[in-house]
Amino acid sequence: AISLTLSPVSDSRGKIIAMSSISRDISSQEETQRQLAFQARLMANVSDAVVATDPNLVINYWNHAAEAIYGWTQSEAMGRSVSDLLATEFLNSTLNSGLFDLREAGRLFNCEVIQRRKDGTAVYIETAAIALRDDKGEFIGAVSVNRDISERKRIEQALHQQTTLYENLVRSQSDMGHGVGITDGDHFIYVNEALA
C-alpha cells in the first residue's frame with residue numbers, strides 16, 4: 001500500500017504550473033494495524049478474565065470477561081491494586097511465593113484463589129500469571145488469565161459431602177456387624193471392616 005500526497009506548485013501569479021507528489025510505502029503500518037485490531041478483538045472475546053498489572057500489581061488492562069466475572073467495569077478497575085479491588089485469598093499458595101515465581105524465578109504462577117466481586121460475593125478463581133519484562137529483562141508487570149471455577153468447586157464440595165455421608169453410613173453398618181461394600185460395577189472401591 002502506498003500513501004500519496006499531492007501538492008500544487010504555483011508560479012508568482014498563483015497559477016498552478018505543476019503538481020508535486022510524495023509517496024510512502026505504508027504496507028507494514030497497515031499490517032501492524034490489522035494485527036493490533038485482531039489482538040484487540042481476540043482479547044475482547046475470550047471468556048476468561050485477562051488482567052495486566054504494573055510491578056506493584058496496579059491494574060493497567062482489564063478485558064470484558066473480567067468485567068463479567070467481577071462486576072467492575074474497565075474504568076473502575078484501571079489504576080487500582082488487584083489485591084485491594086478483589087480482596088484475594090490464596091488457597092494453595094501465597095502472594096509472596098507467587099511474586100517470587102514471577103519476578104525472580106521467571107516461572108508461570110498458577111494457583112487457586114477466592115476473590116470478591118463488586119457486590120461482595122466470593123468467586124473461586126483458577127489463575128495463571130506470567131511476568132512481563134522489558135528489553136533489558138527487567139520485571140515491568142504481570143498478565144494473569146483468571147477462570148471462574150466456582151461451579152466446579154460447588155460440585156467438588158457436594159461430592160465430598162456425599163462421599164463422607166456414604167462412608168459414615170457404611171462404618172455404622174460395620175459397627176452393627178453388617179458387611180457392606182461399594183463397587184464401581186466391576187471392583188470394590190470401599191468395604192467396611194465387617195465385610196473385610
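Residues are numbered from 1 along each chain as its sequence is written, and side-chain values use heavy atoms, without hydrogens or water. Because the model is predicted, local features need pLDDT of at least 70 and side-chain atom pairs count only at pLDDT 80 or more, while totals for chains, interfaces and linings use all residues.

Select Asp48 to start. Asp48 sits in the loop between α1 (27–45) and β3 (49–53); helices (H or I, at least four residues) and strands (E, at least two) are DSSP runs, numbered from the N terminus. Asp48 counts as buried because its relative accessibility is 14%, with buried meaning under 20% relative accessible area (1.4 Å probe, protein chains only).

Next, select the largest nonpolar core, which has 21 residues. Such a core is a set of buried Ala, Val, Leu, Ile, Met, Phe, Trp, Tyr and Cys residues joined through side-chain atoms within 4.5 Å. Ile59, Trp62, Tyr70, Leu85 and Leu86 have the most contacts inside this core. Elements supplying at least two core residues each include β4 (59–62), α2 (64–70) and α4 (82–86).

Stay on Leu86. Beyond four places in sequence, Leu86 is in contact (heavy atoms within 4.5 Å) with Trp62, Tyr70, Trp72, Gln115 and Arg116.

Finish at residues 181–183, strand β9, which runs antiparallel to β10 (residues 188–191) and is joined to β10 by three bridges; strands pair if DSSP finds at least two bridges between them. Thr183 has Phe188 as its bridge partner. Four residues separate the strands of this hairpin, and in the turn Gly185 has a positive phi of about 110°.

How values were computed:
Buried means under 20% relative accessible area, exposed over 50%, partly exposed in between (1.4 Å probe, protein chains only).
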